[in-house]
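Dear colleague,

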Amino acid sequence: MGVAIVITSGKGGVGKTTTTANLGTALALQGKKVCLVDTDIGLRNLDLVLGLDNRIIYDLVDVVEGRCKIHQALVKDKRVDEKLFLLPAAQTTDKNAVTPEQMKSLIDELKREYDYVLIDCPAGIEQGYKNAVAGADRAIVVTTPEISAVRDADRIIGLLEQEAIEPPKLIINRIRKDLMKNGDSLDINEITTHLSIDLLGIVIDSEDVISSSNKGEPIVMDPNSKASLGYRNIARRILGESVPLMSIEDSSKGMFKKLISIFSK
Amino acid sequence: MNKQLVHIKGTKAGLVLRLDDQCAYAELVEELERKVSEGGIDGKVDVQLHLGNRYLLSAQQKELIEIVQGPGNMHVSKVHSDVITIEESNEKVLTEQSETYIGIIRSGQIIKTDGDIVVIGDVNPNGKIEAGGSIFVLGNLRGIAHAGVNGNKEAIIVASHFEPTHVLIDDQIETMSNEKPFVKENAEQIFAYINRDGIISYERVQEVRKIRPLLSTIKGGS
């Protein structure tokens, strides 16, 4: 019996879908059987980020309404052999096509076959959110170091705390180290004390994330990116390993650092 | 000989009419009417009605007051009864008790109480507390706090870190966007109250004992 984890944020555009795609791929690379469920009915795009859009035949609404079996709708990611599957959202209808009860029984069915079921939640706190949370055992809240994203994360955490699931965990996405160092964006400590939930990990902002999303290849496939390392660390923490938080400093020394180290000799 | 149903006693503050609580209500009304019409009182006088263990409906209470005030020279200042209904008692308990909330009041959440509330945790921006009495936050107050919702002007708002967006006491409202210099520099351990001029002001928590000494529920001490 697997675990269902909902990935949510309240605010749009903070990286829920990217996080879902990357964590799913990272978990699959670690040898777990993973199913990704896109619940953003009407605005699906998890399939694009994974590069699986041209192989969709049936979708979530078809499964719920009994037009096909679950395994017919699942799309297999061939890059990670037999480990990663996607249940795409429908594009032609809207979020009211599914009820929380239907979602719950669907997720429960998937949990029997998969180690991890990652549910990509739509932005907002309406029907789509309620559907996404209905079947989840755990929740991950994604935020960015912006006051608006943190405010919405606070709201969503408040709602999640009223559900019968484990206390939500936090991912701070798209950290810009230059802004954070200068104090121009909220820093990690400020965010975690404000939201007072456990930090699951941080992901450093990188242009590679955008280009890899556009190519349909999750960034975790590229072992040399800092963002990729962030996602891999988070996946390992989900699996129960204790991994120290990566530093946001560059490991390779910058000009200034080099100068200091020369003078400090 | 009939038992006297209405005792009249003079005190410094005026007359006390002690009404018998065993007889029928009709008898009491009759006797009271007789006693009051006897007169013999010069000038205006304040009267307190002591009902003992008798519960009066508000209509009955009004009737008695009208009888006493009928001749015109007596004014009922207070009606005192030793009994109240369960409903009244429950209401009193609710408005006088202090409730404790442990946790974080997050954006969009509202916590309401009839009496005082102690929050062990934070109130985040856009979170709201509404209390009939006072609000005590052992943590960061960064949201909206409304004390004395039902017209209690004595209510105060205390926080160990005082940085709310809106402060409301009774019908007074203050937005903190143009932060008060005092609050900005002394965000730690201050409280808000309605001052003598009817506007919200702020002081260090140590001043509560001077400004609202009656909020203390422990009397005496050594």
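Predicted model: local features only at pLDDT ≥ 70, side-chain atom pairs only at ≥ 80, totals over all residues.

**Annotated span**

For chain A, UniProt lists residues 5–219 as "domain: CobQ/CobB/MinD/ParA nucleotide binding", in an unreviewed entry. In the model, this span is 40% helix and 18% strand.

**Contact between the chains**

Where chains A and B meet, 7 residues of chain A are in contact with 9 residues of chain B. On the chain A side, helix α7 (residues 147–160) supplies the largest share, namely 5 residues. By class, that side has 3 charged, 3 polar and 1 nonpolar residues.

Arg155(A) lies in helix α7 of chain A. Leaving aside neighbours within four places in sequence, Arg155(A) is in contact with Gly10(A) and Ile125(A) in chain A, and with Arg106(B), Ser107(B) and Gly108(B) in chain B. Is Arg155(A) buried or exposed? Arg155(A) counts as buried because it has 20 C-beta neighbours inside 10 Å, and the cut-off for a buried residue is 20 or more. Arg155(A) and Glu109(A) are 46 residues apart along the chain, and their C-alpha atoms are separated by 30 Å.

**Helix α5 of chain A**

Helix α5 of chain A covers residues 100–113. At 1.5 Å a residue, its 14 residues should span 20 Å, and the 21 Å between its end C-alpha atoms agrees with this.

The buried residues of α5(A) are Met103(A), Leu106(A), Ile107(A) and Leu110(A). These residues cover an arc of only 95 degrees around the axis, and therefore lie on the same side of α5(A).

Which elements cover the buried residues of α5(A)? Among them are the strands β1 (3–8), β2 (34–38) and β5 (116–120), together with the helices α3 (60–64), α4 (70–73) and α6 (127–134), all of chain A.

**Nonpolar cores**

The largest nonpolar core has 78 residues. Ile5(A), Cys35(A), Val117(A) and Ile119(A) have the most contacts inside this core. Helix α7(A) gives the most to the core, with 7 residues. A second, separate core has 28 residues, including Ala145(B), Ala155(B), Phe162(B) and Val167(B).

Not counting residues up to four places away in sequence, Ile119(A) touches Ala4(A), Ile5(A), Val6(A), Ile7(A), Val37(A), Thr39(A), Ile107(A), Ala132(A) and Ala136(A). One of these, Ile107(A), is also among the buried residues of α5(A).

**Helix α11 of chain A**

Helix α11 of chain A has 13 residues, 226–238. From its first C-alpha to its last it reaches 19 Å, close to the 18 Å expected at 1.5 Å a residue. Its buried residues are Ala227(A), Ser228(A), Gly230(A), Tyr231(A), Arg232(A), Asn233(A), Ile234(A), Ala235(A) and Ile238(A). What covers them includes α1 (16–29), β7 (169–175), β8 (199–204) and α10 (207–215) of chain A. After α11(A) comes Gly240(A), with a positive phi near 105 degrees.

**Backbone angles**

Most residues other than glycine have a negative phi. Which residues have a positive phi although they are not glycines? Glu82(A) is one of them, with a phi of about 60 degrees, and Arg174(A) is another, with a phi of about 55 degrees. Glu82(A) is found in the loop between β3 (75–76) and β4 (84–87) of chain A, whereas Arg174(A) has its place in strand β7 of chain A. Glu82(A) is exposed, because 10 other C-beta atoms lie within 10 Å. Arg174(A) counts as buried, because it has 22 C-beta neighbours inside 10 Å.

**A residue in chain B**

Glu99(B) is found in strand β5 (residues 98–102) of chain B. With 16 C-beta neighbours inside 10 Å, Glu99(B) counts as partly exposed. Leaving aside neighbours within four places in sequence, Glu99(B) is in contact with Thr113(B), Gly115(B) and Ile117(B). The C-alpha atoms of Glu99(B) and Ser160(B), 61 residues apart along the chain, are separated by 18 Å.

Yours sincerely

Technical notes: Residues numbered from 1 in each chain as written. Chains lettered and ligands numbered in written order. UniProt positions renumbered as here; feature names shortened; annotations may be inferred. Helix = DSSP H or I, 4+ residues; strand = E, 2+ residues; numbered from the N terminus. Contact = placed C-beta atoms within 7 Å. Nonpolar A, V, L, I, M, F, W, Y, C, P; charged D, E, K, R; others polar. Expected span 1.5 Å × (residues − 1). Buried ≥ 20, exposed ≤ 12 C-beta atoms within 10 Å, placed from the backbone. Arc of directions from axis to C-beta. Core = buried A, V, L, I, M, F, W, Y, C linked by C-beta atoms within 7 Å.
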